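Here is my note on the model, point by point. Please keep the structure open alongside.

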Amino acid sequence: MFDKMKELMEMQRKMQEMKRQLDNTTFEIASPDGLVKITMNGSQEVQGISIQGSLPEKEKASLEKAIKEAYNKAIKHSHDIAAEKMKDVTGLNLPGLF
């Protein structure tokens, strides 16, 4: 039993390291027309949104912020649901898995 606990702790440590690496990996994707650019990290967190076009600067900044916050909230919620489903299946609570 001690060996199983040790294996689980090692797996959790590796998953935490992988999450750190994903958090530090960023990339930028643009829509085909180039009007919207999203900067995201490997953990699926939006780091920034840029909207090109003729919107007034204040409205553009507000819209970019709202989209970023809504997207990050949706992704976190999906991760919470996935973690709960995994807990139901495995009977284990493994923080950092999702």
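1. Ground rules. Two strands pair if DSSP finds at least two bridges between them. Helices (H or I, at least four residues) and strands (E, at least two) are DSSP runs, numbered from the N terminus. This is a predicted model: local features need pLDDT of at least 70, side-chain atom pairs count only at pLDDT 80 or more, and totals for chains, interfaces and linings use all residues. Residues are numbered from 1 along each chain as its sequence is written, and side-chain values use heavy atoms, with hydrogens and water left out.

2. The hairpin. E2 and E3 form a hairpin, with four residues between them. The two strands run antiparallel and are joined by five bridges. E2 covers residues 36-41, and E3 covers 46-51.

3. The turn. Gln44 sits in the loop between E2 and E3. Its phi is positive, near 65°, and the residue is not a glycine. Gln44 counts as partly exposed because its relative accessibility is 35%. The classes are: buried under 20% relative accessible area, exposed over 50%, partly exposed in between (1.4 Å probe, protein chains only).

4. A nonpolar surface patch. Leu35, Val36 and Ile38 make up a nonpolar patch on the surface. Together they have about 200 Å² of accessible area, from the Shrake-Rupley method with a 1.4 Å probe, where for residues only the protein chains shown count as cover. Patches are made of residues with over 30% relative accessible area and no salt bridge; like charges are joined within 9 Å, nonpolar side chains (Val, Leu, Ile, Met, Phe, Trp, Tyr) within 5 Å. Val36 has a relative accessible area of 31%, so it is partly exposed. Val36 belongs to strand E2.

5. Val46. This residue lies in strand E3. Val46 is buried because its relative accessibility is 4%. What does Val46 touch, leaving aside its neighbours within four places in sequence? Its contacts (heavy atoms within 4.5 Å) are Ile38, Thr39, Met40, Lys68, Tyr71 and Asn72. Ile67 is 21 residues from Val46 in sequence, and their C-alpha atoms are 9.3 Å apart.

6. Helix H2. It runs over residues 57-90, 34 residues in all. From first C-alpha to last it reaches 49 Å, close to the 50 Å expected at 1.5 Å a residue. That expected span is 1.5 Å times one less than the number of residues. Lys60, Glu64 and Ile75 are buried in H2. The buried residues of the helix pack against strand E3. After H2 comes Gly91, with a positive phi near 80°.

7. Further along H2. Lys87 lies in this helix. At 37% relative accessibility, Lys87 is partly exposed. Lys87 and Lys65 are 22 residues apart along the chain, and 33 Å separates their C-alpha atoms.

8. Salt bridges. How many salt bridges are there by this rule? The rule asks for a side-chain nitrogen of Lys or Arg within 4 Å of a carboxyl oxygen of Asp or Glu. The count is six.

9. Helix H1. Glu17 and Arg20 form a salt bridge, with the closest N and O atoms 3.1 Å apart. Both lie in H1 (residues 2-23), three residues apart, about one turn of the helix. Glu17 is partly exposed at 31% relative accessible area; Arg20 is partly exposed at 45%. Asp23 and Lys19 also meet in a salt bridge, at 3.2 Å from N to O. They are four residues apart in H1, again about one turn. Asp23 is partly exposed at 30%, as is Lys19 at 33%. An α-helix has 3.6 residues a turn, so residues three or four places apart point the same way.

10. Glu57 is exposed, with a relative accessible area of 58%.
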